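Could you open the model in your viewer and keep the selection panel handy? We will go from stop to stop, picking something to select each time.

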Amino acid sequence: MSGGAAPAVVRRKAADTSRVVLSVKDLKKWFPIRKGLFSKVVAHVKAVDGVTFDIHAGETLGFVGESGCGKTTVGRAILRLLDPVTGGSASFQGQDLLAVGGDELRQLRRKMQIIFQDPYSSLNPRMTVESIVGEALTVHGIVRTTKERRERVQELLKKVGLDPVRHIARYPHEFSGGQRQRIGIARAIALEPDLIVCDEAVSALDVSIQAQIINLLQQLQEEMGMSYLFIAHGLNVVEHISHRVAVMYLGRIVEIAPSDRLYDHPSHPYTQALLSAIPETDPDAPMNPEQLQGEVPNPINPPAGCRFHPRCRFAEARCKAKDQPIPVWRIAPGHEMACILGEKIPGAERIGEQPGF
Amino acid sequence: MGRYVLRRLLWTPLVLLVLVTLTFALIKAAPGNPFAMDRVVSEEIRAQLEARYGLDKPAIVQFGQYLGRVVTDFDFGPSMKFKDRTVNDIIANGIGPTMLLGACAVILAVAIGLTAGTIGAVRQNSVFDHASMSAATFGMSVPNFVTGPVLVLVFALSWKALPVSGFDPSFSLLPALGIAALHVAWRVTERIRVGPAGFSWGREFACLWLGLLLAAVTSVVTLLARSPTLILPAVTLALPFASRIARLMRAGMLEVIGQDYVRTARAKGLSETTVVVRHALKGGILPVVSYLGPAITGVLTGSLVVEKIFAIPGIGREFVEAALSRDYMLVLGIVVLDGLLLVLFNLAVDVVYGFLDPRIRYE
Amino acid sequence: MRFRAFAYALTLLSAFAATAAAEDEGKKPEGAPPADPAGFDFSTLFEPGDGWRSTRQIFVWNNETEPETLDPAVMTGVTEHQLALALFEGLASHHPETLEPIPGAAWKWDVSADGTVYTFHLRKDARWSNGDPLTAEDFRWSWERALREPNCQYKEMFFPIRGAEAFVEANEKDWSTVGVAVTSPHTLTVTLHTPCAYFLELCAFETLMPVHRRTLEQFGQLWTRPENIVVNGPFALDVWKPRDRIEMVPNAKWWNRGIVRLERMVIRAIDDQSTSYNEYLSGGVDWIRSIAAGKVTDAQQQADYYVQPYLGTYFFRFNTTEPPFDDPKVRKAFNQAIDKRVICETVLKAGQVPATGIVSPGIHGFPEFKGPGYDPVKARALLAEAGFPEGKGFPKVDVLYNTSESHKQVCEKLVEMWKTNLGVTVTLRNCEWKVYLEETRKLSYSIQRAGWIGDYADPATFLDMWCTGRGNNNTGWSSAAYDDLLARSTKETDPAKRYALLAEAEKLLCTDEFPFMPIYFYVNQGMLRPEVRGWHENIRDLHPFQYLFLAGPTKASAAAAGSGK
Amino acid sequence: MSADLDPPSDGPWAQAWKRLRRNAMAIAGLVVVSVMALAATFAGTVAPFDPRISESWETSLPPGARHLDLVNEFVVTAGQAPRERDVPPWLHDGLGDGHDHACELDVVAEEVKQLRVTMDGAKVTKIQGDGARTLAKVELGPEDHLRVKDAGTRIEAKALEPGMALPEGVPAKTGRWVLFAEWVRIAPDAKRTVRVAYGYGTVSAVTVAGAAHAGEMRIRAEHVRDLRVDGARKEHVHVLGTDLNGYDVLSRIIFGARISLLVGLVATLVSLSIGVLYGAVSGYAGGRTDVLMMRAVDVLYAMPYIFLVIVLLTVFDRNLIVLFVALGLVQWLTPARVVRGQILSIKRREFVDAAVTLGTTPWRILVRHLIPNTMGVVVVFTTLTIPAVILEESFLSFIGLTVKFGGEPIDSWGALVDSGRNALGVNGERWWMLVFPGAAMSLTLFSMNFLGDGLRDALDPRQKGRG
């Protein structure tokens with residue numbers, strides 16, 4: 001990576017929509033809250049409360065939402081880092097992701113990797129770059145000798161733009177944040193996975209470095225053809241890399257659409273609000289009237305009716321009614337959203353509903 | 001907090017049960033017989049003896065009966081060594097001296113340690129600081145069975161100022177002085193209590209704590225002044241703990257003094273004393289309080305030594321001898337008692353810590 | 001017969017030179033009690049002294065540790081023995097200088113011609129401390145109780161009495177089989193199965209002391225508490241603070257109250273010997289019964305230090321049931337390879353006497369036996385004869401001792417000498433007291449450290465145990481000739497002939513057989529203030545407290561008087 | 001973000017080492033501890049004397065005392081190679097060095113009886129000698145004389161009995177005092193010089209006063225007045241003096257270091273191994289397992305441990321293994337708690353999740369990722385636990401639970417200090433038996449504490465200055 005100049009935008013390659021890599025249906029993850037002498041469960045944090053989506057081969061699915069909306073939980077639940085999930089199903093390349101265990105799970109893990117947000121805590125400070133990147137190779141018996149391993153690690157370092165000779169024997173604390181993230185990427189691609197969850201992979205980095213890393217990811221996708229589940233809290237970050245984008249609010253997907261479509265025609269009030277939060281580069285643009293008001297509600301006790309209603313510009317009385325299902329509408333091919341007032345959108349076709357409260 | 005205390009208290013019987021079981025098992029595994037003597041006793045006489053103390057029954061039955069007696073009657077059984085006395089009786093005799101000595105030592109240690117540590121921190125790198133810290137490190141490295149005899153040599157044999165051994169405490173003036181000290185402490189701390197921001201629980205507790213500490217120190221000093229036999233043992237027992245506390249206190253204070261709020265207080269032009277007493281002391285004392293738990297365990301251990309050197313009729317001396325002479329009942333009784341004390345004291349220390357440090361939450 | 005090896009091993013007691021003793025024998029000292037009708041003149045024991053009237057008679061001394069019991073029948077240790085001497089009185093008591101049995105609760109006794117029937121006549125004026133008369137029935141009841149009491153471990157003391165052994169061993173229920181009869185309220189007739197030369201000494205022993213029946217029945221285990229206890233000795237229990245002190249005052253009801261000059265005894269229980277010594281130096285106590293090994297050099301510089309021979313022998317047993325020590329030559333070689341003088345002078349350093357025989361010297365009329373001494377050349381020759389020239393091929397053996405610094409030093413020295421003189425490597429094995437006792441009992445040792453303290457001044461106390469099958473033999477050694485000698489000695493009523501038989505027995509043991517290896521005879525060291533009078537040297541650690549007094553004030557007595565007592 | 005990271009990298013340990021090197025006290029501590037450890041390891045070479053051979057007539061010698069280089073007895077026979085234990089090492093060495101040697105011993109064979117004479121002013125009140133016996137009278141033979149012990153002053157008297165007054169010249173004191181006298185009986189051939197020629201493996205000749213001596217020649221070391229080897233006076237020096245039994249204090253300390261340090265180190269390792277593993281498993285497993293395991297620790301925490309150690313040591317044979325286990329058992333709880341706390345925070349860090357997604361087994365995660373990250377704490381704990389254990393051991397020695405090292409009469413520092421405090425005289429006599437072992441122990445503990453503090457600061461700079 002020759003830094004300095006503004007990074008060239010790499011065109012994203014079209015995804016192979018005929019092959020579904022990951023299919024998630026109605027995924028739920030609740031965290032119990034315990035209290036008292038006998039640690040009785042008194043409530044749940046419903047971090048993820050019925051999420052459904054697919055990822056195709058070679059596709060990047062952006063996952064966007066404010067912090068606490070459950071997007072990271074989705075990523076980790078898929079990777080089986082948060083066992084057990086509360087409900088729903090997920091299949092990876094046709095295999096039931098949530099049911100496997102033991103060796104089968106470890107084999108499955110070769111195909112799914114993660115890149116973390118925090119480049120500092122995601123690297124073991126007591127290991128050298130070589131052992132960090134090479135660990136997966138050892139664990140899965142891909143390399144047999146240390147020499148073989150070193151060669152593979154050097155290749156990987158080269159791939160992610162690190163110096164394979166000078167950097168290989170160093171410890172994480174000697175690297176900058178961007179470099180560490182590259183180490184993390186090297187570790188993730190070492191097993192040549194089919195899916196990588198990028199959990200806010202660039203959020204902690206400077207803007208210039210963010211672009212470098214995103215370009216690197218796109219480049220790698222082009223070379224290796226893996227899919228990304230790209231989690232971010234701002235729509236601006238995922239815009240360039242994602243084929244499709246899903247917007248989450250309080251544990252549910254409120255809108256999902258191909259990237260271009262979502263940015264051009266945001267239909268859920270929340271998506272609109274998020275989009276308007278992106279700083280305008282055009283100084284002549286009018287001041288933003290759709291700024292989000294208030295805070296994200298407590299997920300232990302989410303608002304009745306539509307969860308978004310307390311902050312929604314368009315909220316009506318019926319949005320507050322308890323125990324009503326939230327209808328899901330298809331607005332265009334591949335563009336779906338969930339809103340009680342969805343019938344007001346022209347061309348919206350009711351295709352299902354999310355359970356109410 | 002209350003629930004936390006309750007939960008800890010509910011755990012106590014379990015702790016004691018494990019303790020008793022463990023000790024009982026160990027003792028039963030021990031070679032050597034409590035009734036073995038330097039002359040050979042015929043099998044018949046030995047059998048009679050074992051029957052007398054129930055040792056002829058299977059171990060599990062013995063254990064069951066023992067537990068039963070302890071739980072229902074709080075009866076720890078007869079001593080096998082002391083034929084005229086029961087374990088309850090021996091413990092009742094020994095616990096007083098041990099606790100009194102331990103209390104004196106802990107209070108002395110806290111008083112000396114806090115003073116030395118605070119001055120050391122405030123006058124960092126002064127001659128006093130270096131001297132007291134060197135002394136403290138030394139105090140931690142010298143076992144008390146050395147300090148004790150050396151103190152005896154100097155104060156009892158050379159200067160003839162203090163008695164060599166014995167236990168003869170005199171309490172006559174204590175209550176009056178304790179109350180007076182509490183009063184004075186209240187008066188002194190009033191100046192801290194009336195802070196700028198009015199009423200605050202934290203500050204109230206800090207004042208109360210300080211007041212109690214002052215009262216305790218005064219009481220101990222009075223007690224020691226009236227009971228010369230207690231001075232050397234109390235000091236011997238206190239020294240290693242005083243050393244550790246001084247070091248902890250100094251470190252804690254230095255950390256607090258370096259923090260912004262103390263700097264702000266200084267910047268406001270408050271006097272050094274006010275800054276130290278009102279702001280730094282409370283924060284600096286936290287490590288000391290958390291050390292009190294281990295310190296109490298240490299005092300129990302140390303009292304084994306000090307009681308022997310100074311011929312104090314305490315529980316520690318009983319214990320070592322009981323273990324060596326295989327007085328099963330006495331060993332069990334003392335272990336259970338010390339376990340109970342330890343649990344309760346540790347709990348008390350944790351509670352105090354909780355009051356002092358609002359960051360600690362007991363779920 | 002107490003075989004005691006623990007801390008007390010080196011610490012026994014004896015007497016301070018009573019310089020002022022018996023100035024003018026014939027004249028009855030002023031203030032002395034009237035002569036006893038029995039003929040024994042107790043007033044001879046009322047030592048004259050100046051200044052005792054103007055001195056607070058408070059005697060403070062250290063009794064080493066907390067007594068295990070105050071019940072005389074249950075006692076086993078030296079500490080308890082000291083207290084029993086003050087609180088109780090047997091049929092006989094001890095002469096403070098010669099240790100001969102003198103009248104105690106019985107004012108006289110008759111012995112039948114064959115030496116088997118003793119008739120004791122009790123004093124009519126003897127009373128318990130609560131005023132109850134002391135009768136023959138009290139003794140009979142106390143003895144029966146002792147024999148039935150599981151906690152009484154010294155039942156052997158009764159065994160010279162006819163039927164006593166069977167009563168215990170065969171768990172006999174019927175008391176009438178035992179040769180003890182109350183013939184009148186103040187006459188007790190005791191029948192022995194064979195003559196016993198030392199039976200009167202046993203009558204002064206604590207196990208045979210009487211206890212007060214009503215008190216025991218009323219209070220059970222609590223009967224020895226100061227508030228309950230009823231005694232018949234010269235002193236009564238006043239204060240008992242366990243592990244701290246016991247205080248005694250004269251028993252007002254004791255028949256010979258007039259002889260007691262002490263007004264109080266304060267008996268401390270300081271078990272650390274260094275502390276005890278320091279306490280003496282600082283004036284806190286006026287008598288300590290032992291000196292810490294590390295302080296002996298220091299103590300010897302003090303004029304108050306005393307050291308006396310003591311009725312006890314320190315020796316090592318051989319396990320004669322197993323090679324190599326089943327061969328007497330090997331045992332003798334091991335014995336002669338030891339320079340006992342070096343051990344006494346460089347290790348023990350308190351004037352212990354190297355021993356070549358087993359019977360401790362000082363028993364009146366019994367000659368000290370001189371067995372073969374240190375001779376490394378001879379020892380090597382003996383070992384070679386036994387098949388181990390220069391120690392070659394000698395099996396692995398070890399010395400078992402109970403954990404203690406001084407035993408360790410002695411054992412180390414022995415090992416060094418065996419190595420040097422015989423070329424044999426012996427290892428050390430120490431274990432703790434109670435375990436050591438079990439190991440000894442099971443004969444699981446090759447060489448074992450031992451000590452034997454006589455309970456009465458008679459050679460039999462050292463010789464009896466080597467008879468075949470005796471409980472305290474513990475070596476597996478057995479000799480028909482020896483058994484025969486001992487059996488003949490028991491039946492012999494002429495003391496001189498009896499001693500001759502016993503001397504022959506000792507010679508048999510310590511010339512060629514050596515089931516054990518004697519090392520030294522104990523001494524007894526302590527510190528005693530010169531102001532304490534009426535205290536005499538003797539080989540048995542016995543200092544009847546009724547005869548003691550202070551000729552002048554001491555720091556300890558002044559302090560005790562000052563504290564309001 | 002420049003990627004130029006030359007000069008070559010330091011691992012976290014190297015960095016800590018760098019920080020540690022700046023801490024003078026900690027380095028001093030490290031040096032002291034290393035020296036002690038080395039001395040203990042090579043005790044056999046370093047110690048000037050064999051700590052198992054006491055020189056029984058050289059008891060209580062002050063530091064720096066010089067003494068003729070002999071051990072107890074000197075036994076040679078012409079024409080034979082003497083046995084190792086019979087002669088001092090220099091003779092043994094000389095036998096094999098390919099040269100001829102000769103040594104000369106000036107021997108005065110006198111029989112000395114010690115008398116303890118209690119005096120009242122100048123008057124004799126009691127004479128004790130020949131064991132503990134009180135002597136009625138001491139009558140001297142024609143060749144005998146009396147002298148004051150140590151001072152050597154002759155007492156001009158032909159008999160000694162209670163009541164007599166000692167002649168002038170004897171330093172009289174007032175009140176009751178004790179005179180140690182020596183009753184010297186000189187044998188006819190009292191003074192002689194023994195010459196021993198040796199080399200090439202045997203003693204070639206033994207001559208007494210010019211005449212050859214056949215057979216075994218035994219000489220008590222205490223009778224030797226002078227010793228010359230190849231013409232030079234042969235002495236040795238006890239740098240730190242000797243103890244009550246004549247053992248060289250320095251050698252005892254060096255050998256004692258073996259036990260104390262070994263006990264400290266092994267018990268600490270035992271406790272830390274248990275503690276780290278337990279804490280790590282508990283913290284990593286989490287959930288119910290964690291709760292259960294930590295409750296168990298809570299329960300054990302409340303035990304009066306020293307009491308259990310005492311019971312353990314009295315129950316089982318008192319050997320080193322039991323001591324290791326016993327002391328190790330006392331000390332593992334705190335590390336277990338601390339390590340668990342560390343693991344709880346470390347396991348939330350993302351590199352653990354990364355390892356999980358890589359398909360790493362839980363065990364490997366524990367061993368490769370979690371435990372190594374607690375090593376800072378563990379190292380600090382080691383340096384702070386070792387002194388605690390050494391103190392603990394010395395405490396056990398004090399209450400009489402001394403541990404034997406394979407049947408060898410070697411004492412730990414604690415036991416040495418305890419016998420030193422017992423030997424201490426009222427005016428501080430024989431101080432070296434307490435001071436030197438005590439100093440060795442305190443210095444080591446001191447150093448370990450400083451090293452521990454330094455390591456903590458170096459490994460975890462945020463914790464600087466705590467405790």
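This is a predicted model: local features need pLDDT of at least 70, side-chain atom pairs count only at pLDDT 80 or more; totals for chains, interfaces and linings use all residues.

Residues are numbered from 1 along each chain as its sequence is written, chains are lettered from A and ligands numbered from 1 in the order in which they are written, and side-chain values use heavy atoms, with hydrogens and water left out.

**Stop 1: chain A.** Select chain A and colour it by secondary structure: there are 9 helices and 13 strands (DSSP runs, H or I of at least four residues for helices and E of at least two for strands, numbered from the N terminus). Its radius of gyration over C-alpha atoms is 21 Å, close to the 21 Å from the globule rule for 357 residues (2.2 Å times the number of residues to the power 0.38), so chain A is as compact as a globular protein of that length. Along the principal axes, its C-alpha trace spans about 70 × 60 × 40 Å.

**Stop 2: chain D against chain A.** The contact (heavy atoms within 4.5 Å) takes 31 residues from chain D and 37 residues from chain A. About 3000 Å² is buried between them, with carbon and sulfur atoms giving 53%; buried area is the accessible area (1.4 Å probe) that two parts lose on being put together, summed over both. The rule finds 3 salt bridges here (a side-chain nitrogen of Lys or Arg within 4 Å of a carboxyl oxygen of Asp or Glu). Zoom in on A:Glu135 and D:Arg364, whose side chains meet in a salt bridge at 3.1 Å, N to O. Next, highlight helix 10 (350-357) of chain D, which gives the largest share of the side touching chain A, 7 residues.

**Stop 3: chain B against chain C.** Show these two chains alone. Chain B brings 47 residues to the contact and chain C brings 53 residues. The buried area is about 4600 Å², 45% of it from carbon and sulfur atoms. On the chain B side, select B:Asp38, B:Arg39 and B:Asp84: they lose the most area to chain C, together 18% of what that side buries. The rule finds 8 salt bridges across this interface; B:Asp89 and C:Arg225 meet in a salt bridge at 2.7 Å, N to O.

**Last stop: chain D by domain.** Colour domain 1 (11-41 + 248-463) and domain 2 (68-237) of chain D separately; the bounds come from an automatic or database domain assignment. Their C-alpha centres lie 50 Å apart.
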